Amino acid sequence: MVSVNEYEKVRLEFSKTGRAKFISHLDLNRTLRTAFVRAKVAIWFTNGFNPHPKLVFSLPLSLGAESMCEFLDIRVLPPVDHEKIKESLNKNLPDDIQIKRVYKPKTKLEDLCWSRYTFKLYFNSMSEEKANEIKSMLENPMIITKRTKKTKSGLTDIDILPGIRSSTVVFDGECVNISADLESSVDNYINPDYIIRALDKYLNIDFEQSGEYYTVMKEVTFKKDCKTVYQ
Amino acid sequence: MNEKYNIDGILRKVLKPGRYTGGEYGQIIKDKEKIKCRFAFAFPDTYEIGMSNLGVRILYGALNKNENIWCERVYAPWIDMQQQMKKHNIPLYAHESMDPVRKFDILGFTLQYELCYSTVLNMLELSDIPLYAKDRGEEYPIVIGGGPCAYNAEPVADFFDVFSIGEGEEALVEFCELYIKMKESGGYTKEKFLHEAAKIEGFYVPSLYDVSYNDDGTVKEYTPKYDDIPTKIRKRIIKDFDKTYFPEQFVMPYIETVHDRIVLEVYRGCPRGCRFCQAGMIYRPARAKSPEVLNRDAKTLYENTGYDEISLCSLSISDYPHIRELTDKLLEWTDDKMVGLSLPSMRADSFSRELMKRVSSVRASGLTFAPEAGMQRLRDAINKNICEKDIFEACRAAFEGGRNQVKLYFMCGLPTETEEDILGIEKLARAVVDEYYQTENRPKGRPTVTISVACFIPKPFTPFQWDRQSTMEELVEKQQLLASAITDRSIKYNYHDANVSRIEAVFARGDRRLSKALAKAAEYGFKFDAWDECFDYDKWLSVFDECGIDPSFYANREFGEDEVLPWDIIDCGVSKEFFLRERHKAYNDTVTENCMKSCAGCGANKLGGECTWCPSTNTKK
């Protein structure tokens, strides 16, 4: 058995878009596991009773959101050819999950603290005015009930405003576009779904009518200062 | 508005949206413009069940190998998704292109179990396709059925244009080719096409056969409407199993499915001849693949799927003559690559400790044996040729191999069964527990012996096809008798819902008059009858009542040996005389030796092919 130290740490930046946005984190894990085998990328297996390839992800993407910037750390047996890993993996992955970059990581996964999301909202009463209402909503406290393990009821109310930065809201004639940086640290993870829930709670935008829908895309991630791009 | 985005919106409102997205690795996308025949392959159950079916995987690959055909997958959306689809006017669509099923040339349903019939009709409704074949004009797809239930498809015959009888790898491609040829030559009409299709071996066009009935309700005769179509439809088989198509790639589901692994079909058919077993009869003659071919396929599939488990699949895997050679070859590379081997339920007799050790060398998998009956006399009557000693030895081997759990499958309500046989199940289970404590190098702790007891359902094309199913009262009484006999806490007792088994029995031996009940059931929104949360026995009874159908006529009546059976229109290769002989032997508690030892003259070897155990045609031993 080759010791774990002989393997080289490699980071993959990948996108998860289109139909793959409805694939849960657990299922993503399984999909990637088999893709590594197909691509013949020899990654490190855990040594336990039930050996399995070790994949370490950045914080999971919420179900239904697309992303251009997900991160996965693996350990690969040298010699490591980053370009070759990318190429062979992409051939062996579904079209909606594609590797953008393979490189030696210089940061910890925990250094990822902020994510910029774009929301596109298509609903029946869209207008400039509605966009302004949304804008002012995003600048005031928003109380969202979320699940927690800390209280007896399993639920807790939080204000998500402190976890939102530099938000813009634009109505482009077709849909309302929101761009917002949401905190995504281990301590305070603002799920993009909270924004959707706030829209329902404060403005009654519930996407229940036929033809109404929204999309969420994670565009880029930042370090703690919310300026330096995380990679 | 773009249709795809509508789906996007509703997928946020349903459980497990990954069931409906498509887009998996390995799915086949073709250029619509270059395709001459679009085939929607529908599995009338959930995605997780349908994606696990090896037959679908084989046929998906075999059809798509042809450049003129594009085969796509369709599954039954779960109830929450159906509600959303109805609310937003989204018709049933195929996974690859997301195009509505209604727009396809051919819509195929695989009929794996009778309880899927209501879901078939439900899927037609979701597709906006009229249920009855006679109501469908040229603008609708040709609806074809296949799979084990097609051997007696009479209850659903009015809803289908045609059935593919037997093995479809070659037949379905021929069927599509005929369709393309007739479309290209101009003179295509649905009627002409079906008439031509009825002339191909293995295709049954029910509308071309009239059925008449006797005063007592039994079938009088089947009359073909044309002279140039067969009076009996003979099933198709693959002649050379080593050379037949086997997929080199599977569609890799994103979400977890029931059997999410490589499945190798080691051989088709079964040499055993258990008298209740339909699969053991309709897949005759038994044909095996060589270990070389299997090992090659396993390697290819491993490389192309990345799965870490290979399941060896057959009706009776330990009877495979080259099992040692095959596992040797596989273990040469699977251990290194952390790939586990697993086996389905096994017969206890030919089970060797060594085989089990081999299989568990990478990862432990469950152990299941199927004694089927508690007493030797009954095991002889049903021709389950194993004895108590075999079962104990197999269990002992399992215990010595470090396991403390075994699962035993039984049936209740078998022909000739007595109270003693039912109590025998408990005795046998207790003896297995004793065997555990007598095993010296057993693992620590208490054993768990799980006994799972199904209700006997008489199936077409078996020696017990004439026998009646026990009534509900009898079945419940037997289940309770067994429950009260079990006192040992190491024995876990599961039994099947007798209600479900009865409905299954009605449709298994049903005739065309049952279509009325199915149409009525569809009207009331029946679907997913194989699911506890959906199945409603009382509702079924009232549907039968409303349609003037007596379910006992089909389930609980002993059919006359000289009666014309609804499925007599099909020739499955095994002769009716053989079934009769076997039935009479059963009533004398006489066994029939398996095909490996001697030929019982079932007649299946007349179908030809490289039969593994059949005399005269045998070239492979």
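This is a predicted model: local features need pLDDT of at least 70, side-chain atom pairs count only at pLDDT 80 or more; totals for chains, interfaces and linings use all residues.
Strands β7(B) and β8(B) form the hairpin, with five residues between them. Look at the turn. Gly217(B) sits there, with a positive phi of about 95°. β7(B) covers residues 209-213, and β8(B) covers residues 219-224. The two strands run antiparallel, and five bridges join them. Which residue is the bridge partner of Tyr209(B) in β8(B)? That partner is Pro224(B).

Strands also build a sheet in chain B. In general, strands of a sheet pair through backbone hydrogen bonds, in a parallel or an antiparallel way. Here, six strands form an open sheet with mixed pairing. Trace the order across chain B: β2-β1-β3-β4-β5-β6. Which strands are at the edges? They are β2 (69-75) and β6 (203-204) of chain B, and each pairs on one side only.

β6(B) pairs with β5(B), residues 162-164, in the antiparallel sense. Two bridges make up this pairing. Find Phe163(B), and you will see Tyr204(B) of β6(B) standing opposite.

Helix α3 of chain B spans residues 54-64. The helix lies across three strands of chain B: β1 (37-43), β2 and β3 (106-110). Relative to β2(B), α3(B) runs at about 155°.

Now turn to the meeting of the two chains. On one side, 33 residues of chain A are in contact; on the other, 36 residues of chain B. Together the chains bury about 2,800 Å² between them. Of that area, 55% is on carbon and sulfur atoms. Three residues stand out on the chain A side: Arg19(A), Phe22(A) and Arg38(A). They supply 27% of the area that chain A buries against chain B, more than any other three residues.

Charged and polar pairs link the chains too. There are four salt bridges between chain A and chain B. One of them joins Asp308(B) to Arg33(A), with the closest N and O atoms 3.8 Å apart. The count of residue pairs in polar contact between the chains is 13, both residues being at pLDDT 80 or more.

Which elements of chain A each supply at least two residues to the side that touches chain B? They are α1 (25-38) and β10 (213-222) of chain A. α1(A) gives the most, with seven residues. What kinds of residue make up this side of chain A? There are 14 nonpolar, nine polar and ten charged residues.

Notes: Residues are numbered from 1 along each chain as its sequence is written. Chains are lettered from A and ligands numbered from 1 in the order in which they are written. Side-chain values use heavy atoms; hydrogens and water are left out. Contact means heavy atoms within 4.5 Å. Buried area is the accessible area (1.4 Å probe) that two parts lose on being put together, summed over both. A salt bridge is a side-chain nitrogen of Lys or Arg within 4 Å of a carboxyl oxygen of Asp or Glu. A polar contact is a pair of N or O atoms within 3.5 Å; within protein, one must be able to donate a hydrogen and the other to accept it, and residues adjacent in sequence count only if both atoms are side-chain atoms. Helices (H or I, at least four residues) and strands (E, at least two) are DSSP runs, numbered from the N terminus. Ala, Val, Leu, Ile, Met, Phe, Trp, Tyr, Cys and Pro count as nonpolar, Asp, Glu, Lys and Arg as charged, and the others, Gly among them, as polar. Two strands pair if DSSP finds at least two bridges between them. Axes are lines fitted to C-alpha atoms, for helices over the stretch in contact, and angles run from 0 to 180 degrees between N-to-C directions.
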